[in-house]
Every structure is written in structure tokens, then in C-alpha cells.
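Look at the model below and follow the helices one at a time.

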Amino acid sequence: MRVITALGRALGKIPGGLMIIPLFLGAIVNTFFPEVLAIGGFTTSLFRDGTGALLGLFFFCMGAQINFRSTGVTLEKGGAILLGKVGIGVAFGLSVAFLVPGGVLWSLTPLAIIAAMTNSNSTLYVALTKQYGNLSDRGAVSVIAINDGPFFTLVALGAAGLAAFPIEMLVGTLLPLFLGFLVGNLSETAREFVRPGEALLIPFLGFAVGVGIDFATFAEAGIPGAALGVATVIFSGGAAMGVLWLVHVARRRPKPARNLIAGAAEATTAGNAIATPAAIALVDPTFSGIAALATAQIAAATVTTALLTPFLVTFIARWQERRGVGPKQEDEWNFASSNQQAEYQILKKKGLEL
């Protein structure tokens with residue numbers, strides 16, 4: 001009982017712990033007791049061979065949380081930071097693929113780079129924007145949730161010719177995500193019903209992915225994975241803030257209203273990104289040989305970004321405050337703008353739920 005209690009506390013304290021701790025447990029079993037998972041029956045089906053089914057259900061639950069009915073303010077802000085984050089992640093990954101000899105940088109493959117840099121920790125984003133941001137910052141999470149899962153990694157690798165995804169396999173991989181999106185947007189009741197499933201499935205998925213890794217892989221992934229995390233904070237956070245600033249300028253917002261907190265809070269790698277290499281390998285088996293290392297590198301990046309991003313957000317908040325810029329000033333401008341008053345009141349009402 002004490003072990004379970006301690007494990008529960010660890011899951012809450014370690015960044016991405018809901019995915020990472022089960023991942024390590026799976027690696028322990030695979031490294032020292034691999035025969036346990038070959039016992040057969042439900043044990044083997046769930047813990048060793050269940051990755052595909054768990055991923056499909058996970059993506060369905062995740063897709064249901066993407067809200068198509070975002071208001072203009074949140075859609076604009078979410079779209080800006082999503083464009084910056086995904087754009088720089090894809091650019092980095094494809095640059096390594098085509099410009100670096102061998103297509104590998106410090107053992108980091110385009111698969112690991114794109115998966116880590118384009119995917120963000122929505123939970124940490126909401127927590128940081130609640131403390132430092134405003135209603136539109138928090139509301140933007142309904143838009144940036146689109147980067148959860150393997151979608152952008154699949155598209156980037158396939159479009160660049162780095163992976164061969166048969167159309168039926170690609171559709172089969174993404175269909176649960178879009179079905180979840182459809183169900184969640186047709187029925188708020190259905191969205192709320194499947195919401196707990198996303199968190200519930202993460203530890204099972206983490207364990208199933210972990211049984212394909214051994215500790216030698218974690219040792220190899222440590223430093224490159226941490227470096228990937230640092231690059232994600234600096235470049236994906238910087239790109240998200242940069243595109244958001246350009247939108248502020250294009251919209252002719254006054255300087256005090258050019259709040260960048262949302263972009264800084266997007267400088268993370270989500271724990272669910274750890275499952276992306278496994279998903280890619282299911283579609284294109286040629287990635288099976290590097291999936292384990294990429295998974296371990298993304299796990300290291302997840303922890304690194306979760307530790308560093310709060311410092312980045314704090315720095316940006318203080319930097320803005322010294323210059324008279326901030327979330328409050330942005331809210332005031334949004335409310336004062338005659339064509340946004342009704343929209344802002346709707347957003348404010350929704351803010352009670354964020």
C-alpha cells in the first residue's frame with residue numbers, strides 16, 4: 001500500500017510522470033524479466049501487444065477534446081503559437097534530415113526532433129497561463145491541442161519523402177483522432193464522457209511503449225534528449241512568441257497589449273509525444289529500429305522542458321511588466337474594441353471553466 005501511495009505521489013511530482021514512470025517500469029520488466037510478458041492471455045495482450053489498441057483509443061479521447069467552436073480571440077492566438085511551434089519543429093527536423101550527413105544530429109533523428117518540438121504539454125500550459133496569463137491565453141489551449149499526437153509528425157515525414165505511409169495505413173492511424181474530434185464537437189456530453197479516458201490510458205500506454213526499451217537505450221538517450229529539450233524551449237518557445245508578436249502588430253494592437261505569455265508557455269514537450277515513435281513505427285515498420293531510442297530521447301526532452309519552461313514564462317512576464325506590457329492590458333484592449341466586446345464576454349464566461 002505504501003509503495004502504491006509513493007508511486008501516486010511521484011506521478012504527480014515528476015514532469016510527465018503519468019507517462020514516464022510507467023515507461024520506466026516497462027523498461028525494467030523488459031530488461032530484467034522479459035519472460036513475464038510472454039505468459040499469454042490478457043496479460044500479454046494488454047501489456048506487451050496492446051500498443052496499437054491503446055494508441056487508437058487514446059487518440060480518440062484526445063481528438064474529442066479539440067474544440068472547433070473557439071472564439072476569434074482564442075482562435076487567432078492559438079493559431080499563431082501553433083504555427084510558430086509546429087513550423088520551427090518541422091523546419092529543424094527536416095534540416096537535420098537533408099542538411100546533416102547521415103540525417104542524424106548527435107544521435108537525434110528527424111522523428112525524435114519533430115515529435116518533441118511540435119507537441120506541447122497542455123496541462124502545464126494551462127497552469128502557467130492561469131498564473132501569468134489571461135482568459136484568451138488559457139482559451140487558446142483548445143486550438144493548440146491539435147498538436148497532440150502524431151499528426152504533424154506523420155504529415156511532415158510523409159510530405160518530405162522520409163517515410164512511406166500507405167494511404168490506408170495513414171487513414172487508419174488518423175481516423176480515431178478525427179472520429180473523436182467529430183464526436184466531441186457534435187456533443188458536449190460525449191466530450192465530457194470521454195475526457196477522463198485520455199488521462200486513464202496514459203500510464204497503460206506508457207508501460208506498453210516501455211516494454212520495447214531497455215536501460216542501455218535510456219543511457220544512450222540521456223544527454224541528446226536533454227539537449228533536444230533545451231532546443232525545444234529556446235526555439236519552439238521563441239518561434240511561438242515571434243509569430244504571436246507579428247499577429248499583434250498586424251492587428252495594430254498597441255504595444256501594452258502585445259502580450260506574449262501564451263507563446264512562452266507553449267515551449268514544452270508533452271508526455272504523450274513519447275508515444276509518437278511507436279505510432280509512426282506501426283504505420284511504417286522501417287522506423288522500428290529507431291523508435292526505442294527516439295522514445296527515450298523524447299522522454300528526456302519532456303522532463304527538461306517541464307523544468308525549464310516555467311522559468312522562461314516567469315522571465316517573459318517580468319520582462320513585459322517592466323515595459324508596461326501584460327495580459328491585463330491585452331484584456332482591456334480586447335474589451336474596449338467595439339467589434340470584440342460580445343466575443344470577449346463569451347470568452348470571459350468560458351474562462352470560468354479553464
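Helix α6 (residues 110-118) is mostly covered, with 9 of its 9 residues buried, where buried means under 20% relative accessible area, exposed over 50% and partly exposed in between, using a 1.4 Å probe and protein chains only. Among these buried residues are P110, I113 and M117. Helices here are DSSP runs of H or I with at least four residues, numbered from the N terminus. This is a predicted model, in which local features need pLDDT of at least 70, side-chain atom pairs count only at pLDDT 80 or more, and totals for chains, interfaces and linings use all residues. Residues are numbered from 1 along each chain as its sequence is written, and side-chain values use heavy atoms, leaving out hydrogens and water.

Helix α15 is also mostly covered: 7 of its 8 residues are buried, including T276, I280 and V283. What do T276, I280 and V283 in α15 meet? They meet T153, L154 and L157 in α10, where contact means heavy atoms within 4.5 Å. By class, this contact of α10 with α15 has 4 nonpolar, 2 polar and no charged residues.

The rings of Phe, Tyr and Trp (its six-membered ring) pair if their centres lie within 6.5 Å; planes under 30 degrees apart count as stacked, over 60 as edge-to-face and the rest as tilted. The count comes to 1 aromatic pair. The ring centres of F92 and F235 are 4.9 Å apart and their planes are at 45°, so the pair is tilted. F92 lies in helix α5 (residues 72-99) and F235 in helix α13 (residues 215-250), 143 residues apart. F92 is partly exposed at 28% relative accessible area, and F235 is partly exposed at 39%.

Technical notes
Helices (H or I, at least four residues) and strands (E, at least two) are DSSP runs, numbered from the N terminus. Ala, Val, Leu, Ile, Met, Phe, Trp, Tyr, Cys and Pro count as nonpolar, Asp, Glu, Lys and Arg as charged, and the others, Gly among them, as polar.
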